[in-house]
Amino acid sequence: MKRNPERHSAAARAAAASAGTSERPRVELASFRRRLASMLYEAMLLLGVLALTFLVPYLMLGIGFEIAPPGWFAWLHIFVVLGAYFVWYWRRHGQTLAMQTWRLKLVDADGRGLSLGRCWLRYALCWPSVLLFGIGLLWALIDRDRQFLHDRLTGSCIVLMPPAAKK
């Protein structure tokens, strides 16, 4: 299935801006399957992040001080920890660890990185997108550019980066 190159003008601008050249290399928006695969890999990586930043402190509090924080605090803690992880990586290079593996990059329509506020907005919108039976992810099946709903709402897109040059 060929993609319409006119649909991917945002992706072309993204590649040109990230490459810093006046020429516009051809890039494409990342495929639905590649983004889902990256999300699955990301979920496995997040188990380690949560083990280190959530499980270990709560075990120490529970065993050492016999304190069990309330459930709402635990969910708030998870939300903030994961938010810090995603926003830090998105702001730093536009890629989380899983996105680097799958050669994906998060950019805005002009090919620049997202602002801090837009990163937090995208992160906050990802939660209902995934937790409401994946409706925001399934949105990509009917979207003209195959974008997730949270990407459409924040004006961001995930592009496929070219393969690294072999030495």
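Modeller: W120 and Y123 sit three residues apart in helix α5 (residues 116–131), so about one helical turn separates them; helices here are DSSP runs of H or I with at least four residues, numbered from the N terminus. The model is predicted, so local features need pLDDT of at least 70 and side-chain atom pairs count only at pLDDT 80 or more, while totals for chains, interfaces and linings use all residues. Residues are numbered from 1 along each chain as its sequence is written, and side-chain values use heavy atoms, without hydrogens and water.

W120 is partly exposed at 34% relative accessibility, whereas Y123 is buried at 3% (buried is under 20% relative accessible area, exposed over 50%, partly exposed in between, with a 1.4 Å probe and protein chains only).

Across the whole structure, a search finds twelve aromatic pairs. Rings of Phe, Tyr and Trp (its six-membered ring) pair if their centres lie within 6.5 Å; planes under 30 degrees apart are stacked, over 60 edge-to-face, and the rest tilted. In Y85 and F86 the ring centres are 5.1 Å apart and the planes stand at 80°, so this pair is edge-to-face. Both Y85 and F86 are buried. For W120 and Y123 the centres are 5.8 Å apart with planes at 85°, so that pair is edge-to-face.

One of its members, W90, has R122 over its face, at 4.7 Å from the ring centre; a charge sits over a ring if NZ of Lys or CZ of Arg is within 6 Å of the ring centre and within 35 degrees of the ring normal. R35 likewise lies over the face of F148, at 4.3 Å from the ring centre.

Key: Helix = DSSP H or I, 4+ residues; strand = E, 2+ residues; numbered from the N terminus.
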